[in-house]
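Please look over the sequence and the structure before reading on.

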Amino acid sequence: MAQKLSPESRKAALSRLPNWADAKDRDAIVRKFTFGDFNEAFGFMTRAALVAEKMNHHPEWSNVYRTVEVTLSTHDAGGVTELDLELAEAMEMIADS
Ligand SMILES: C[C@H](O)[C@H](O)[C@H]1CNC2=NC(N)=NC(=O)C2=N1
């Protein structure tokens, strides 16, 4: 099972993911994506969902019109692991493409 990241490696990883922040109320990382319109937002979710399913690692997320709010945490580990960083990086690539 994936292990929770140490505070040091988590801090280093977050510095490479500048748009992501620690969740306020739990052990997780969060980001709000804003797209041009609903089609772009939902297209992002569709592509990210396919990656997540392939990884067997799933986001908590919600969509309002052209925004998608994402929370990543590894439930089995009770906190942030490499899997969350990997999915966050994949989401950055998808949102940029
Ligand atoms: C049984 C299944 O493999 C697990 O429940 C997987 C599925 N997706 C998951 N996603 C996330 N974010 N955390 C998990 O611990 C997790 N576990």
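## Contacts, core and ligand shell

Leaving aside residues up to four places away in sequence, Val70 touches Val30, Arg31, Phe33, Pro59, Trp61 and Met91; two residues are in contact if their C-beta atoms, placed from the backbone, lie within 7 Å. The model is predicted: local features need pLDDT of at least 70 and side-chain atom pairs count only at pLDDT 80 or more, while totals for chains, interfaces and linings use all residues. Residues are numbered from 1 along each chain as its sequence is written.

Val70 belongs to strand β4. Helices (H or I, at least four residues) and strands (E, at least two) are DSSP runs, numbered from the N terminus. The C-alpha atoms of Val70 and Trp20 are separated by 9.5 Å, although the two residues are 50 residues apart along the chain.

A residue is buried if 20 or more other C-beta atoms lie within 10 Å of its own, exposed if 12 or fewer, and partly exposed in between, with C-beta atoms placed from the backbone.

| Residue | Other C-beta atoms within 10 Å | Class |
|---|---|---|
| Val70 | 22 within 10 Å | buried |
| Asn19 | 13 within 10 Å | partly exposed |
| Tyr65 | 11 within 10 Å | exposed |
| Asn56 | 7 within 10 Å | exposed |

Asn19 is placed in the loop between α1 (7–15) and β1 (21–22). Its C-alpha is 17 Å from that of Arg66, and the two are 47 residues apart in sequence.

A nonpolar core is a set of buried Ala, Val, Leu, Ile, Met, Phe, Trp, Tyr and Cys residues joined through C-beta atoms within 7 Å. The largest such core has 17 residues, of which Phe44, Val68 and Ala88 touch the most other members. At least two residues of this core come from each of β2 (29–34), α2 (38–55), β4 (67–72) and α3 (82–96). The most is given by α3, with five residues. Phe44 is in contact with Phe33, Phe35, Val68, Ile94 and Ala95, not counting residues up to four places away in sequence.

Helix α2 has 18 residues and reaches 25 Å from its first C-alpha to its last, close to the 26 Å expected at 1.5 Å a residue; the expected span is 1.5 Å times one less than the number of residues. Its buried residues are Ala41, Phe44, Met45 and Ala48. Seen down the axis of α2, these fall within an arc of 100 degrees, so they line one face of the helix; the arc is that of the directions from the helix axis to the C-beta atoms. They pack against β2, β3 (60–64), β4 and α3. The face turned away from this buried side carries the exposed residues Asn39, Thr46, Leu50, Glu53 and Lys54.

Most residues other than glycine have a negative phi. Asn56, in the loop between α2 and β3, has a positive phi of about 50 degrees although it is not a glycine. Tyr65, in the loop between β3 and β4, also has a positive phi, near 50 degrees.

Which residues surround the ligand? They are Asn56, His57, His58, Thr74, His75 and Asp76, where a residue is near a molecule if its C-beta atom, placed from the backbone, lies within 6 Å of it. By class, this shell has no nonpolar, five polar and one charged residues. Ala, Val, Leu, Ile, Met, Phe, Trp, Tyr, Cys and Pro count as nonpolar, Asp, Glu, Lys and Arg as charged, and the others, Gly among them, as polar.
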